[in-house]
Amino acid sequence: VAGRGAPTTKQRYIFGIQGTNYLSPDTTFGFAYTKLFDAYSFAASSGQAEDNSLAGISLNKRLGRFGEFSGELVQSAYDDNVLNYDPASRVPALRDYAATTELKTQLGPVDLSLGYTKTGPYFRAIPVQAEDYTLENPALAASNWRLSPFGAATANRQGWQGEATVNLLS
């Protein structure tokens with residue numbers, strides 16, 4: 001899927017691929033790759049082109065009737081100017097990781113979840129943090145696809161989160 005990000009003066013594209021392997025009825029393994037990049041030919045006039053790649057793996061495991069475990073590990077690589085060919089001032093692409101895990105269970109009408117998230121200080125996920133991207137294909141724009149499953153990942157975000165939901169209607 002390729003799309004153009006807005007608003008920007010550059011011709012910016014997003015490419016993504018995602019796959020899921022159903023290892024068993026209770027276990028899935030997935031991967032995702034997303035790349036945001038500026039068209040070099042158009043960016044050459046400004047002398048700057050960004051490049052942000054995300055590669056991740058995920059695992060979901062049903063734990064019998066009692067609960068579910070899920071986890072994801074994503075690596076990002078970010079280069080704010082791939083057109084800088086000067087070895088004296090060239091900074092290599094920043095690489096960092098983000099990880100999230102979650103354990104869910106249901107006790108009668110109560111759904112419980114507990115998770116942990118750790119995002120490195122140099123993790124950049126522009127394609128999943130931005131909300132203003134539109135897809136060029138109208139059929140795809142109507143779908144509710146996320147370009148990367150990790151969701152909004154803020155640098156240096158770390159900690160535990162929990163949620164309890166009570167369903168009183170069932």
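Tutor: Aspartate 51 forms a salt bridge with lysine 35, with the closest N and O atoms 2.8 Å apart. A salt bridge here is a side-chain nitrogen of Lys or Arg within 4 Å of a carboxyl oxygen of Asp or Glu. This is a predicted model: local features need pLDDT of at least 70, side-chain atom pairs count only at pLDDT 80 or more, and totals for chains, interfaces and linings use all residues. Residues are numbered from 1 along each chain as its sequence is written, and side-chain values use heavy atoms, leaving out hydrogens and water.

Student: Which strands hold aspartate 51 and lysine 35?

Tutor: Aspartate 51 lies in strand β4 (residues 51-63) and lysine 35 in strand β3, so the pair ties together parts 16 residues apart in sequence. Strands are DSSP runs (E, at least two residues), numbered from the N terminus.

Student: Is aspartate 51 buried or exposed?

Tutor: Buried, at 11% relative accessible area. The cut-offs: buried is under 20%, exposed over 50%, partly exposed in between (1.4 Å probe, protein chains only).

Student: How many salt bridges in the whole structure?

Tutor: Three. Among them, arginine 62 meets glutamate 68 at 4.0 Å, N to O. Arginine 62 is partly exposed at 36%, and glutamate 68 is partly exposed at 28%.

Student: New topic. Where is threonine 27 found?

Tutor: In strand β3 (residues 27-38). Threonine 27 counts as buried, at 11% relative accessibility.

Student: What does threonine 27 contact, leaving aside neighbours within four places in sequence?

Tutor: Asn21, Tyr22, Leu59, Asn60 and Lys61. Contact means heavy atoms within 4.5 Å.

Conventions
Helices (H or I, at least four residues) and strands (E, at least two) are DSSP runs, numbered from the N terminus.
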